[in-house]
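Morning, everyone. I have one model to walk through today, and I will keep it short.

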Amino acid sequence: MGYLEVEDGRRVYFEHHRGSGRAIVLIHGWGATGRCWDTIAPALRANGNEVVLLDQRACGRSDNDFADVTISALGSDVVRLVEHLGLSAPVVNGWSLGGAVAVDAVAKLGANCSGLILTGGATPRYTSTSDWPHGGGVDDVKGVLGAAAADRANTFKSVAEAVCAEPQTPDTLAWLWGMFMEMGPIGDESLLDLAELDQRKILGALSVPVLFLHGRKDGFVPFSGAEAARDLCADARLVEFPGAGHATFLEDRDTYLAEVTGFLNR
C-alpha cells in the first residue's frame with residue numbers, strides 16, 4: 001500500500017498487488033472505498049493479474065480536504081497512478097461513478113490502456129436529458145445530497161440498502177454503510193459533477209474493447225442506459241445480470257469473475 005501526492009500536498013491511497021498477468025485498476029463508486037473490491041481482488045490475484053486499488057479523493061484513506069473532486073480530477077489521479085507504478089497497458093474497471101472516472105482515465109491514457117470494464121457504470125450520462133431518456137434528473141441528485149447534508153448517517157444507510165436488488169445480510173449492509181460514512185463532505189461534489197456530465201463523445205471515441213457488466217434491476221443506473229452506452233462504442237459487449245441490482249460483483253460473484261477474467265485473458 002502507499003500514498004500518491006496528486007494536488008497541493010494532498011494524497012490518495014492506493015494498493016499495488018503485483019502479478020505476472022495483465023494489470024487491472026479497480027475504481028470504486030461514489031462514497032465507497034477500494035475495500036468494496038475485497039471479494040474480487042483476491043480472485044484476480046489468484047488468476048495471476050497485477051491488481052491496483054485506490055481510494056478516490058475524499059474517500060476512505062485518502063485525504064478529505066481536496067479543492068477539486070470533479071470526475072476529470074479523479075480520472076487524472078488514475079492516470080498519475082498508472083504512470084507512477086509503470087503499468088503497461090492496464091485494463092481499467094470502474095463501478096458506478098467510478099465508471100465515469102474510468103472513461104475519463106482511459107481517454108487520457110490513450111495507447112497505454114488495453115481495455116475498459118464498466119460495472120454498473122454511471123456513464124456516459126447519469127441523468128436524463130431530451131436525447132438521453134435514461135436515469136433521473138439533476139434535481140434528484142441535489143435532493144439526495146440535501147438529505148445527506150441534513151442527516152448523513154441515515155441517508156447513507158438508505159443508499160447502502162438500495163445497492164443490491166435483494167436484501168443483504170446485516171453484516172454486508174454495515175460494511176457498505178461504513179464505507180459511505182468514511183467519505184468527507186467535499187465528496188458530495190463529485191456526484192454533483194457527475195449529474196451534469198456528458199461523456200457520449202468521449203466514450204464513442206475510445207478504441208479499446210469495452211465490457212459492460214450490468215444488473216437488469218439496477219436502481220441507480222438503468223439497464224436501458226447501459227444498452228444505449230454499448231451502442232456508442234466501436235467494440236463493446238454487454239453482459240446482463242438478470243437478478244442483480246447495482247453491485248453485480250456482490251450479487252453474482254461467480255458470473256462476474258468469469259466475465260472479468262475472460263476479458264483479462266483474451
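Start with Arg10 and Asp65. They form a salt bridge, with the closest N and O atoms 3.0 Å apart. By salt bridge I mean a side-chain nitrogen of Lys or Arg within 4 Å of a carboxyl oxygen of Asp or Glu. This pair links distant parts of the chain: Arg10 sits in strand β2, Asp65 in the loop between β4 and α2, and they are 55 residues apart. Helices here are DSSP runs of H or I with at least four residues, strands are runs of E with at least two, and both are numbered from the N terminus.

Before I go on, two words on the source. This is a predicted model, where local features need pLDDT of at least 70 and side-chain atom pairs count only at pLDDT 80 or more, while totals for chains, interfaces and linings use all residues. Residues are numbered from 1 along each chain as its sequence is written, and side-chain values use heavy atoms, with hydrogens and water left out.

Back to that pair. The cut-offs: buried is under 20% relative accessible area, exposed is over 50%, and partly exposed is in between, using a 1.4 Å probe and protein chains only.

Next pair. Asp188 and Arg152 form a salt bridge, with the closest N and O atoms 2.8 Å apart. Asp188 lies in helix α7, residues 188-195, and Arg152 in helix α5, residues 152-162, so the bridge ties together parts that are 36 residues apart in sequence. Asp188 is buried, with a relative accessible area of 10%. Arg152 is buried as well, at 19%.

Third pair. Glu240 and Arg216 meet through their side chains in a salt bridge, 3.0 Å from N to O. Glu240 is in strand β8 (236-241) and Arg216 is in the loop between β7 (210-215) and α9 (223-232), so this contact ties together parts 24 residues apart in sequence. Glu240 is partly exposed at 36%, and so is Arg216 at 41%.

There is also a network. Glu15, Arg35, Asp38, Asp55 and Arg61 are joined by salt bridges that share partners. How many salt bridges does a search of the whole structure find? The count is 16.

Now the backbone. As a reminder, most residues other than glycine have a negative phi, and most peptide bonds are trans. Here are some exceptions. Thr123 and Pro124 are joined by a cis peptide bond, with omega about 5°. Pro124 falls in the loop between β6 (115-119) and α4 (138-150).

Two residues next, each with a positive phi. Asp8 is not a glycine, yet its phi is near 50°. Its place is the loop between β1 (2-7) and β2 (10-17). Asp8 is exposed, at 65% relative accessible area. Ala58 has a phi of about 75°, again without being a glycine. Ala58 sits in the loop between β4 (49-54) and α2 (71-85). Ala58 is buried, at 0% relative accessibility.

Last, the annotation. UniProt, in an unreviewed entry, places "domain: AB hydrolase-1" at residues 23-252. UniProt positions follow the numbering used here, feature names are shortened, and annotations may be inferred rather than shown by experiment. Over residues 23-252 the chain is 43% helix and 14% strand, and the end C-alpha atoms are 23 Å apart.

That's my tour. Over to you.
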